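Here is a short briefing on how one protein chain packs its inside. Look at the structure first, then read on.

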Amino acid sequence: MAAPAEIPGLPEGYKVPEVYEFQDLGGKMGAMNRHTAGKRSDEELQVGEHPYQLYSLGTPNGHKVTILLEELNELKGVEYDAWNISIFELKQFTSGFVEINPNSKIPAFKDRSEDPPLRVFESGNILLYLADKHKMFIPQDIRGRTECLNWLFWQMGSAPMIGGGFGHFYNYAPVKIQYCIERFSMEVKRLMDVLDKRLAEVEFVAGSEYSIADMAIMPWVRCITVGYKAATFLSMADYKNIARWQETILQRPAVQRGLRVNGFGDDAVKERHSAADFQ
């Protein structure tokens, strides 16, 4: 039997070592990425006057939570402090942040209305925690709740394909690798097709009502166009049902405010402590 053909390496001559050893890969995200966890500096987190303390940045995962908090503020007067955690300055590796989220990823959240204060990390879990606590933006019947969570966890499972996969190799990697870009482009387009077909059947992702599932998914869909500038490359205009759904959500004033919190644009609200910060 002939020996299997050797798979070529990229760069040319690369062979997978027997044991992994860390190497700084460079690129826009290089300084963030290490093979170990834990704090890299000692620095406490700031604490504001409100029960809810959010430590985040205006990325799609950060937007999920600020959109929900702005919706709760508008409808129930829920107040919160949103502190800017610059991942480019490695603030997610400070001792204070790691205490709330040992995984060193934004957003992280602390509910000081609980005694002792309760930490909540992972964006999907923060959405679920707040929706359950306030009994809003999540169906209260078992079928509706389960369908909402189906799509919330669909987003959590698919986000690495869009962000760490497509977004990284298309936008941030120090070299353009055809295999990686085509592999993750194919997967993102498959995910968009799943979503577009679902939205041909319903007004919002979980059914007839706007929910935390929509809040989780929309920022990542928007990022493909606004963040990665890949609308043409991925033919996003072909997904008519996604376009209708996204435009409906973006018209909501709370969504517009949530997208500004801890953001990057000219209208960004770097830190949010009250509604007056938007003026």
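Helices here are DSSP runs of H or I with at least four residues, strands are runs of E with at least two, and both are numbered from the N terminus. The model is predicted: local features need pLDDT of at least 70, side-chain atom pairs count only at pLDDT 80 or more, and totals for chains, interfaces and linings use all residues. Residues are numbered from 1 along each chain as its sequence is written, and side-chain values use heavy atoms, without hydrogens and water.

**The H5 and H6 pair**
- The two helices pack at about 130°, with axes 12 Å apart. Axes are lines fitted to C-alpha atoms over the stretch in contact, and angles run from 0 to 180 degrees between N-to-C directions.
- Val-188, Met-192 and Leu-195 of H5 meet Ile-217, Val-221 and Ile-224 of H6. Contact means heavy atoms within 4.5 Å.

**The cores**
- The largest nonpolar core holds 66 residues. Such a core is a set of buried Ala, Val, Leu, Ile, Met, Phe, Trp, Tyr and Cys residues joined through side-chain atoms within 4.5 Å. Buried means under 20% relative accessible area, with a 1.4 Å probe and protein chains only.
- H6 gives this core its largest share, 10 residues.
- A second, separate core has 12 residues, including Met-29 and Trp-83.

**Trp-245**
- Trp-245 is among the residues with the most contacts inside the largest core.
- Beyond its neighbours within four places in sequence, Trp-245 touches residues including Leu-195, Ile-217 and Val-221.

How values were computed
Buried < 20%, exposed > 50% of the residue type's maximum accessible area, 1.4 Å probe, protein only.
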